[in-house]
Amino acid sequence: MTTAKPTLALVGATGAVGTVMRQILSTREDVWGEIRLIASARSAGKLLELRGEQVAVLALAPEVFDGVDVAMFDVPDEVSAQWAPIAAARGAVVVDNSGSFRMDPDVPLVVPEVNPDAARNRPKGIISNPNCTTLTMMDALGALHRRWTLTELVVSSYQAASGAGQPGIDRLYDELEVVGGNRELGQQAGDVRAALSNKLGDDSPFPAPLALNVVPWAGSLREGGWSSEELKVRNESRKILEIPDLKVSATCVRVPVVTTHSLAVHAVFAEDITVEAARQALVEAPSVVVLDDPDAGEFPTPSDVVGSDPTFVGRLRQALDFPNTLDLFVCGDNLRKGAALNTAQIAELVARELTD
């Protein structure tokens, strides 16, 4: 316990999520003393803006964690798997945004609005940040689960290109440049794929064209035809909500949106639930914004939500043929609450713990 402001390290400071993280650290309550920006050796010495100043990037190495109280990791899985234990061994509490530790029983998986106390129990010195798809719906589901006890979920996600990192963003913009203005494309099977292949080649983070298309796939192949993203929704929801037998079925779809994931959620509860009561519970949730007036065309869409911190919820309906159910549509910026913001919030929980 200390009265001084703790020292923070941001590992992956130059990446897509790291860039958003630096913006967030510059605008939220300043609970940190020194902040070290860390990236790969090729970025060492690069100056990045942080809290109104230019800060030099440090190369990732064991000694950069000496004296660090909290280290936030926004890097690929293999980098976190190698370096998070090193940072923890040097005395830092690691808040990791990769998938390396999420299902480790000795690593808590935390959403501060849902299970903040879990952050205190960290035998390995590591706390995991959930996948951005799971996070998009978790604030809303946590509020509903506390009142009516969630038992089943059927989820269809509509995931932005930025979920595949900067290569996904770049590929979508490149594809849009190719198809933009060509009103003949999209009317014959394979014409979009052929046009993109001719102009851009076939090296893409997506298995099919994203422009003028939707792609029913995100992640990597797992047993039974499921994708890794779909299984993350299932397994992470169970762990965060502490419902080990929660029934979950997810279909993850990539759509031509730059940033902000959307989910259509069919939720089943143990208790009777009404639209009116659910709406009130969501309105009262501190990090949820309800936009739900179909008569006025009011419901959340990615273009209206991008760059915002809350979870936005609309299209609240009672499932017509299923008891104790609620259908809703959820949007959330996958780079903010879906990644950087939740990581920052977890780190702030630890900072308060260290200074209380």
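Modeller: Let me begin with a definition: two strands pair if DSSP finds at least two bridges between them. Strands (E, at least two residues) and helices (H or I, at least four) are DSSP runs, numbered from the N terminus. This is a predicted model, in which local features need pLDDT of at least 70, side-chain atom pairs count only at pLDDT 80 or more, and totals for chains, interfaces and linings use all residues. Residues are numbered from 1 along each chain as its sequence is written, and side-chain values use heavy atoms, with hydrogens and water left out.

Biologist: How do you know that E11 pairs with E14?

Modeller: Eight bridges join these antiparallel strands, whereas the definition asks for at least two. Leu 263 has Val 330 of E14 as its bridge partner, and Ser 262 stands opposite Cys 331 in E14.

Biologist: In what sense do E9 and E11 pair, and over how many bridges?

Modeller: They are antiparallel over eight bridges; Ser 156, for instance, stands opposite Ala 264 in E11.

Biologist: What makes E10 and E12 edge strands of the sheet?

Modeller: The open sheet has six strands in the order E10-E9-E11-E14-E13-E12, with mixed pairing. E10 and E12 (288–290) each have a single partner strand, so one side of each lacks a neighbour in the sheet.

Biologist: Why is E11 called largely enclosed?

Modeller: Buried means under 20% relative accessible area, exposed over 50% and partly exposed in between, with a 1.4 Å probe and protein chains only. Eight of the nine residues of E11 are buried, so the rest of the structure largely encloses this strand.

Biologist: What makes a set of residues a nonpolar core?

Modeller: Its members are buried Ala, Val, Leu, Ile, Met, Phe, Trp, Tyr and Cys residues, joined through side-chain atoms within 4.5 Å. The largest such core here has 37 residues, and those with the most contacts inside it include Met 137, Val 265 and Phe 269. Helix H3 (132–148) and strand E11 (261–269) are among the elements that each supply at least two residues, and H3 gives the most, with eight.

Biologist: Which residues does Val 265 touch?

Modeller: Contact means heavy atoms within 4.5 Å. Not counting residues up to four places away in sequence, the residues touched by Val 265 include Met 137, Leu 153 and Leu 326.

Biologist: Which residues belong to the second core?

Modeller: That separate core has 34 residues, among them Ala 119, Leu 335, Ala 344 and Val 350.
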